[in-house]
Amino acid sequence: MAGEPQDDCLFCKIVAGRIPATIVRETDTTVAFQDINPQAPTHVLVIPRVHHRDIAALAAAEPAITADVLREAGEVAAQEKLDSYRVVFNTGSGAGQTVWHAHAHVLGGRGLQWPPG
């Protein structure tokens, strides 16, 4: 069921503490941790503690938690002392989503070209 932890979800397991991660921030509604395959000097994932398949599903079901994810992305950037950064949500396999739990990528610490990918 949407919003409930999923036994087969990597990020739900990180939220539950069953899989280790290098956590950089936590709130009541979010967890932020280092990406294990960084694409920039700073690459942190910000996830909601609740499980929703992607950012569109999260936004439709729980807009306040969606706002928390975005707010925490900004807090991560400030904590990492980034004056420029990118926040990316991949939605669907064609866009590069590989973990089916809504999450934001906070990328910075180097020049980020446009268009991406």
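Biologist: Quick one to start: which residues does Ala102 touch, not counting those up to four places away in sequence?

Modeller: In this predicted model, Ala102 touches Ile47, Pro48, His52, Arg53, Asp54, Ile55 and Leu58, once residues up to four places away in sequence are set aside.

Biologist: And which residues make up the largest nonpolar core?

Modeller: Twelve residues in all: Ala32, Val44, Val46, Ile55, Leu58, Ile65, Val69, Ala73, Val76, Ala102, Ala104 and Val106. So Ala102 is a member of that core, and two of the residues it touches, Ile55 and Leu58, are members as well.

Biologist: Which helices and strands each supply at least two residues of this core?

Modeller: Strand E3 (42-48), helix H2 (55-61), helix H3 (63-79) and strand E5 (104-108) each supply at least two. The largest share comes from H3, with four residues.

Biologist: What other core lies apart from it?

Modeller: Another one of nine residues, including Phe11, Val31, Ile47 and Val99. Ile47 is also among the residues in contact with Ala102.

Biologist: Let's zoom out. How many helices and strands are in the chain?

Modeller: Three helices and five strands. Going along the sequence, the pattern reads α-β-β-β-α-α-β-β.

Biologist: Why would you call the chain as compact as a globular protein of that length?

Modeller: Because its radius of gyration is 13 Å, close to the 13 Å that the globule rule gives for 117 residues.

Biologist: What does the C-alpha trace span along its principal axes?

Modeller: About 40 × 30 × 25 Å. As for burial, 38% of the 117 residues are buried.

Biologist: What about the accessible surface of the chain?

Modeller: That comes to about 6,600 Å², and carbon and sulfur atoms account for 52% of it.

Biologist: How far apart are the mean positions of the positive and negative charges?

Modeller: They sit 5 Å apart, taking the 9 positive and 13 negative charges of the chain.

Biologist: Of the contacts between residues at least 6 apart in sequence, what percentage join residues at least 24 apart?

Modeller: That would be 51%.

Biologist: Where does Thr42 lie, and is it buried or exposed?

Modeller: Thr42 lies in strand E3, and it is buried, with a relative accessible area of 9%. Leaving out residues up to four places away, Thr42 touches Glu80, Leu82, Val106, Leu107 and Gly108. Val106 belongs to the twelve-residue core.

Biologist: OK, what about Gln39, where is that found?

Modeller: Gln39 is in the loop between strand E2 (30-34) and E3. It is partly exposed, at 45% relative accessible area. Beyond its neighbours within four places in sequence, Gln39 is in contact with Leu107 and Arg110. Leu107 is a contact of Thr42 too.

Biologist: And how far is Gln39 from Asp7?

Modeller: The C-alpha atoms are 28 Å apart, for a sequence separation of 32 residues.

Biologist: Which residues does Val50 touch?

Modeller: Not counting residues up to four places away, Val50 touches Gly3, Leu58, Glu62, Ile65 and His101. Val50 itself is in the loop between E3 and H2, while Leu58 and Ile65 are part of the largest core. From Val50 to Trp114, 64 residues along the chain, the C-alpha atoms are separated by 32 Å.

Biologist: Speaking of Trp114, is the peptide bond from there to Pro115 cis or trans?

Modeller: It's cis, with omega near 0 degrees. Pro115 lies in the segment after E5.

Biologist: Backbone again: what is phi of Lys81 near?

Modeller: Phi of Lys81 is near 60 degrees, a positive value in a residue other than glycine. Lys81 lies in the loop between H3 and strand E4 (85-88).

Biologist: Why does Lys81 count as exposed?

Modeller: Because its relative accessibility is 73%, and exposed means over 50%.

Biologist: Last one: is Ala64 buried or exposed?

Modeller: Exposed, at 53% relative accessible area. Ala64 is found in helix H3, and its C-alpha is 18 Å from that of Val88, 24 residues apart in sequence.

Definitions and conventions:
Residues are numbered from 1 along each chain as its sequence is written. This is a predicted model: local features need pLDDT of at least 70, side-chain atom pairs count only at pLDDT 80 or more; totals for chains, interfaces and linings use all residues. Side-chain values use heavy atoms; hydrogens and water are left out. A nonpolar core is a set of buried Ala, Val, Leu, Ile, Met, Phe, Trp, Tyr and Cys residues joined through side-chain atoms within 4.5 Å. Buried means under 20% relative accessible area, exposed over 50%, partly exposed in between (1.4 Å probe, protein chains only). Contact means heavy atoms within 4.5 Å. The radius of gyration is taken over C-alpha atoms; the globule rule is 2.2 Å times the number of residues to the power 0.38. Accessible areas come from the Shrake-Rupley method with a 1.4 Å probe; for residues, only the protein chains shown count as cover. Lys and Arg count as positive and Asp and Glu as negative; His and the chain ends are not counted. The place of a charge is taken as NZ of Lys, CZ of Arg, CG of Asp or CD of Glu.
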